[in-house]
Amino acid sequence: MTYIIYAAAALFEIAGCFAFWAWLRMGKPVWWLAPGMVSLALFAWLLTLVPSEAAGRTFAAYGGIYIVASLIWLWLVENRVPDRWDISGALVCLCGTAIILFAPRG
């Protein structure tokens with residue numbers, strides 16, 4: 001369930017940030033910020049649903065999922081295929097995410 005929450009959070013975070021990017025860098029109208037802010041609020045709310053005793057650990061583990069989701073966005077929305085370095089970096093980050101999420105803690 002944690003990965004589903006992280007995936008949804010990543011989608012909302014990327015979409016929200018992209019709204020700001022589109023307004024500032026692509027000349028989209030200012031009203032793009034309204035759904036962007038809602039999206040960012042949903043992102044933050046979703047992260048509170050992750051079962052964890054520490055916010056910092058939740059955010060750190062989320063980082064790897066965010067990186068993979070960003071590369072998927074790059075490919076599907078921006079029509080730019082991730083290269084081998086993008087994919088290699090994402091795999092390294094996912095390993096870090098797995099270590100943080102599944103490490104035995106007492």
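1. Is the crossing of α1 and α2 left-handed or right-handed? The crossing of α1 and α2 is left-handed, a term used if the near helix is turned anticlockwise from the far one by less than a right angle.

2. This is a predicted model, in which local features need pLDDT of at least 70, side-chain atom pairs count only at pLDDT 80 or more, and totals for chains, interfaces and linings use all residues. Residues are numbered from 1 along each chain as its sequence is written, and side-chain values use heavy atoms, with hydrogens and water left out.

3. Helix α1 (residues 2-25) packs with helix α2 (residues 33-47) at an angle of about 155°, and their axes are 8 Å apart. The two are therefore roughly antiparallel to each other, the term for angles over 145 degrees. The contact (heavy atoms within 4.5 Å) includes I5, Y6 and F12 of α1 and L33, G36 and M37 of α2. Its residues divide into 17 nonpolar, three polar and one charged.

4. Six aromatic pairs are counted, with ring centres within 6.5 Å. Y3 lies in helix α1 and F102 in helix α4 (residues 84-102), so the pair ties together parts 99 residues apart in sequence.

5. Y3 counts as partly exposed at 37% relative accessibility, whereas F102, at 57%, counts as exposed; exposed means over 50% relative accessible area, and partly exposed lies between that and the buried class, under 20% (1.4 Å probe, protein chains only).

6. Ring pairs also link Y6, F43, Y62 and Y66 into a cluster.

Key
Axes fitted to C-alpha atoms, helices over the stretch in contact; angles between N-to-C directions. Helix = DSSP H or I, 4+ residues; strand = E, 2+ residues; numbered from the N terminus. Parallel < 35°, antiparallel > 145°, perpendicular 65-115°, else oblique. Nonpolar A, V, L, I, M, F, W, Y, C, P; charged D, E, K, R; others polar. Phe/Tyr/Trp six-rings, centres within 6.5 Å; stacked < 30°, edge-to-face > 60°.
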